[in-house]
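Here is a short report on a model of two protein chains. Read it with the structure open.

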Amino acid sequence: MAVVHGQKMVFKREGHVGRGICKNCGHDAYMTLCRHLNQGTLFWIPVVNIEKERGIMCESCGYIYPMDRQEYKEARDKVKKGIDK
Amino acid sequence: MAFFALLGIGDSEGDVYLLAAGIFAFVAILMFGTAGTKKKRIKAQLREMEEEGSLQILYNDFSYTGAKFSKKYQVAYGRRYLLDFAAAKEGFRIMDLQEIHNVFRCNMVDGEPQETIYIALETADGSRTLVGSAAKMTEEFSGMIANLKQITRLNGGAQWQ
């Protein structure tokens with residue numbers, strides 16, 4: 001039986017954290033909490049996520065300001081609470 | 001020899017400049033090692049420019065020592081002009097760096113982040129052109145961005161970073 005497998009790169013946005021001036025592009029743009037994932041797929045169904053980078057992404061240029069795991073988790077929880085209100 | 005005849009070498013006093021322009025054209029084609037249809041388009045475009053006289057302007061710009069040619073990223077730039085050889089249909093694209101207000105690395109295309117990283121060249125009205133695609137940031141790529149930022153700063157462009 002042929003096992004169809006592959007991988008794809010995904011940018012998973014998890015909510016806006018506000019606006020700011022990006023140091024990379026200089027634009028005043030929305031900043032989004034974002035993870036850059038390498039997804040392994042089996043029969044086109046994603047089965048494993050390998051995180052390449054996580055942080056705050058500028059919506060103008062796509063530059064991701066890196067965050068550590070704990071910081072990211074806290075920021076994500078704040079964003080989720082903000083959405084649920 | 002046929003190529004020189006095409007350029008009209010031997011007809012007038014400006015032959016040295018025509019010869020130099022021809023050499024530049026030949027080197028550009030060799031540098032970028034393109035094949036088939038795209039090479040024909042580049043040659044045709046160079047021929048047209050040479051007939052108009054605009055190739056000499058490019059040659060003057062690229063004749064200084066700081067000019068950069070990148071085969072890997074299909075980009076060449078001098079003090080004033082940038083040539084993007086990745087523009088498939090047109091042969092190559094010429095951009096006037098004096099019109100560029102901002103240069104930065106960018107992986108956002110049509111509002112979606114991409115794996116590929118580009119050099120974004122923005123004019124003062126915010127119109128953005130992406131050149132020189134890369135799979136990841138390398139020293140050469142960062143160096144090109146830094147050089148282009150320096151050129152735009154000298155032209156009165158953006159001052160950050």
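A salt bridge here is a side-chain nitrogen of Lys or Arg within 4 Å of a carboxyl oxygen of Asp or Glu. This is a predicted model, in which local features need pLDDT of at least 70, side-chain atom pairs count only at pLDDT 80 or more, and totals for chains, interfaces and linings use all residues. Residues are numbered from 1 along each chain as its sequence is written, chains are lettered from A and ligands numbered from 1 in the order in which they are written, and side-chain values use heavy atoms, with hydrogens and water left out.

## The interface

Start with the salt bridge between the chains. The side chains of A:Arg13 and B:Glu112 form it, at 3.4 Å from N to O. The count between chain A and chain B is one salt bridge. Polar contacts between the two chains come to eight residue pairs, both residues at pLDDT 80 or more. A polar contact is a pair of N or O atoms within 3.5 Å; within protein, one must be able to donate a hydrogen and the other to accept it, and residues adjacent in sequence count only if both atoms are side-chain atoms.

Which strands of chain A each supply at least two residues of the side that touches chain B? They are strand 1 (5-21) and strand 3 (45-58). Helices (H or I, at least four residues) and strands (E, at least two) are DSSP runs, numbered from the N terminus. By class, this side of chain A has seven nonpolar, six polar and four charged residues. Ala, Val, Leu, Ile, Met, Phe, Trp, Tyr, Cys and Pro count as nonpolar, Asp, Glu, Lys and Arg as charged, and the others, Gly among them, as polar.

The contact (heavy atoms within 4.5 Å) takes 17 residues from chain A and 16 residues from chain B. About 1200 Å² is buried between the chains, and carbon and sulfur atoms give 47% of that area. A:Phe11, A:Arg13 and A:Asn24 supply 33% of what chain A buries against chain B, more than any other three residues. Buried area is the accessible area (1.4 Å probe) that two parts lose on being put together, summed over both.

## Salt bridges within the chains

Over all chains, the structure holds eleven salt bridges. Three within single chains are set out here.

| Pair | N to O distance |
|---|---|
| A:Arg35 and A:Glu51 | 3.4 Å |
| B:Arg80 and B:Asp96 | 2.9 Å |
| B:Arg93 and B:Asp84 | 2.6 Å |

Take the pair in chain A, A:Arg35 with A:Glu51. A:Arg35 lies in strand 2 (residues 28-42) and A:Glu51 in strand 3, so the pair ties together parts that are 16 residues apart in sequence. A:Arg35 counts as buried, at 15% relative accessibility. A:Glu51 is partly exposed at 26%. Buried means under 20% relative accessible area, exposed over 50%, and partly exposed in between (1.4 Å probe, protein chains only).

Now chain B, and the pair B:Arg80 and B:Asp96. This pair also links distant parts of its chain, 16 residues apart: B:Arg80 sits in the loop between strand 2 (75-77) and strand 3 (81-84), and B:Asp96 in strand 4 (residues 93-96). B:Arg80 is partly exposed at 31%, while B:Asp96 is buried at 15%. In the other chain B pair, B:Arg93 is partly exposed at 26% and B:Asp84 is buried at 2%.

## The network around A:Arg54

Salt bridges link A:Glu14, A:Arg35, A:Glu51, A:Arg54 and A:Arg76 in a network. A:Arg54 lies in strand 3 of chain A. Is A:Arg54 buried or exposed? Its relative accessibility is 17%, so A:Arg54 counts as buried. A polar contact of 2.5 Å joins its side chain to that of A:Glu51. A polar atom of the A:Arg54 side chain also lies 3.1 Å from the backbone oxygen of A:Met67. Beyond neighbours within four places in sequence, the contacts of A:Arg54 include A:Cys34, A:Ile64, A:Tyr65 and A:Tyr72.

## Chain B overall

Chain B has five helices and seven strands. Along the sequence the pattern is α-α-α-α-β-β-β-β-β-β-β-α. Of its 161 residues, 44% count as buried. Among contacts in chain B between residues at least 6 apart in sequence, 43% join residues at least 24 apart.
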